[in-house]
Amino acid sequence: MPDFPYINARVRAMRARLLDSGRLEELLAAPTFDAFLQALATTPYGADLQEALTRHRGLAAVDEALARHFHATTQRILGFADGRPRTLIEAFLRRWDLANVRAVLRGKHTGRSPEEIAASLWPAGTLGEVALRELARQPDIPAVVGSLEALGHPFAIPLAEGLGAYAETRDLLALELRLDRFYTGHVLQVARGGGHNETVLRELVQAEIDALNVKTALKLARLAPDAPAEPRAPGQEAERLRFFIPGGALTTEELFLLLSHPATLEQGWRALRVRGFPVARPPEDLTAFEKTLDQLLARGAARLYLGDPLGLDVVVGYLALKYNEVVNLRLIARSKALGLPRELVRREMVLV
């Protein structure tokens, strides 16, 4: 049964094919979109790009090539693994399933076409391109849930339980929150126990839950600048706690309530800092703050590549580095298509 020493040896060999900073600069320096395509064709993405260009043109071809390449990377790593290592890696990959299923639900809720929905999907998790296109083709949300059930995907469970309420209220946010709670609970259940690999996975998800809770709480506080001075009214608390995701290492319901009301935000932030939150004070610019948190999470995951050479760390770190590379390539491609200045793009790139 392949274990992490074997898997990590194969992953380290794949690490050598990541683009270094010099190669990214060359792609960023391409004078036109066509020059960028020619340069990208000489990288490990070349074969996927050539295949995508037989079906698409422009940015659509680049997006498909990058998505196919990343999905093939995740499947190759899963091919090295079975047993407990595979279960842990699949649990890590569920984050992309979550993003894709959310995108399909939102597309169906707002009446977008299957083609529009498919263009926003990223086949990087356990749901491949064929499965995602099948979900996008479904006529409505109940049919999407039925397809997930047919695929045996665990996300069908919370969505099926929430369909009745959605049919009555059309409250998509409630359905998404049900899905978010199931996802975090599912991964934390897989990562239960005191082993090193379980701890790595659990701490990753807990950091994401904390970041999401803090972002949500700050938005709620900004949405209610004239809220009553009494922030503990039972009705208000229940409404705000509707958005809380349990399972974080730092954020509790009590802290979420403090952070999500303008009258207690400063008190909540002091408590958050005492628990080790890395940002010193409540932000003025929520968009910049959310980007900072996302970068901290991405860098933390990428640093795991240098963690335990015999653990899950190497796989998580490598996939974080690879995903970051793909995100930066998509950004460079768009900058070339739109003629954006190089310095502007460089500031938006996440370098881990």
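User: Is Lys215 buried or exposed in this model?
Analyst: The model is a predicted one. Lys215 has a relative accessible area of 14%, and a residue counts as buried under 20%. Lys215 is therefore classed, by that cut-off, as buried.

User: Where is Lys215 found, and which residues does Lys215 touch, not counting residues up to four places away in sequence?
Analyst: Lys215 is found in helix H12, which covers residues 196-223. With residues up to four places away in sequence left out, the residues that Lys215 touches are Glu290, Leu293 and Asp294.

User: Is Gln206 buried or exposed?
Analyst: Gln206 also has its place in helix H12. Its relative accessibility is 18%, and the limit for a buried residue is under 20%. Gln206 therefore counts as buried.

User: How far apart in space are Gln206 and Leu250, C-alpha to C-alpha?
Analyst: Apart from residues up to four places away in sequence, Gln206 touches Leu188, Gly247, Gly248 and Ala249. Leu250 lies 44 residues from Gln206 in sequence. In space, the C-alpha to C-alpha distance between Gln206 and Leu250 is 8.2 Å.

User: How many aromatic pairs does the structure hold, and what is the geometry of the pair Phe155 and Phe182?
Analyst: The structure holds eleven aromatic pairs. One of them joins Phe155 and Phe182, with 6.3 Å from centre to centre and 85° between the planes. Planes over 60 degrees apart count as edge-to-face, so the geometry of this pair is edge-to-face.

User: Which parts of the chain does the pair Phe155 and Phe182 link?
Analyst: The two residues are 27 positions apart, and the pair links distant parts of the chain. Phe155 lies in the loop between helix H9 (141-151) and helix H10 (156-169), whereas Phe182 lies in helix H11 (residues 172-190). The parts linked are thus the H9-H10 loop and helix H11.

User: How do Phe155 and Phe182 count in accessibility: buried, partly exposed or exposed?
Analyst: Phe155 has a relative accessible area of 0% and is buried.

User: Why is the pair of Phe155 and Tyr183 edge-to-face?
Analyst: The ring centres of Phe155 and Tyr183 are 6.5 Å apart. Edge-to-face requires planes over 60 degrees apart. Because the planes of these two rings stand at 85°, the pair is edge-to-face.

User: Where is Tyr183, and is Tyr183 buried or exposed?
Analyst: Tyr183 is in helix H11, 28 residues from Phe155. Both Phe155 and Tyr183 are buried. Tyr183 is in helix H11, and its class is buried.

User: Which residues do ring pairs link into a cluster?
Analyst: Ring pairs also join a set of Phe, Trp and Tyr residues. The cluster consists of Phe70, Phe92, Trp96, Trp122 and Tyr323.

User: What is the phi of Arg170?
Analyst: Arg170 lies in the loop between H10 and H11, and is partly exposed with a relative accessible area of 47%. Although Arg170 is not a glycine, its phi is positive, at about 60°.

User: What radius of gyration does the protein chain have?
Analyst: The secondary structure of the chain comes to 18 helices and zero strands. With 352 residues, a compact globule would have a radius of gyration near 20 Å. The chain agrees with this, as its radius of gyration is 21 Å.

Technical notes:
Residues numbered from 1 in each chain as written. Predicted model: local features only at pLDDT ≥ 70, side-chain atom pairs only at ≥ 80, totals over all residues. Heavy atoms only, no water. Rg over C-alpha atoms; globule rule 2.2 N^0.38 Å. Phe/Tyr/Trp six-rings, centres within 6.5 Å; stacked < 30°, edge-to-face > 60°. Buried < 20%, exposed > 50% of the residue type's maximum accessible area, 1.4 Å probe, protein only. Contact = heavy atoms within 4.5 Å.
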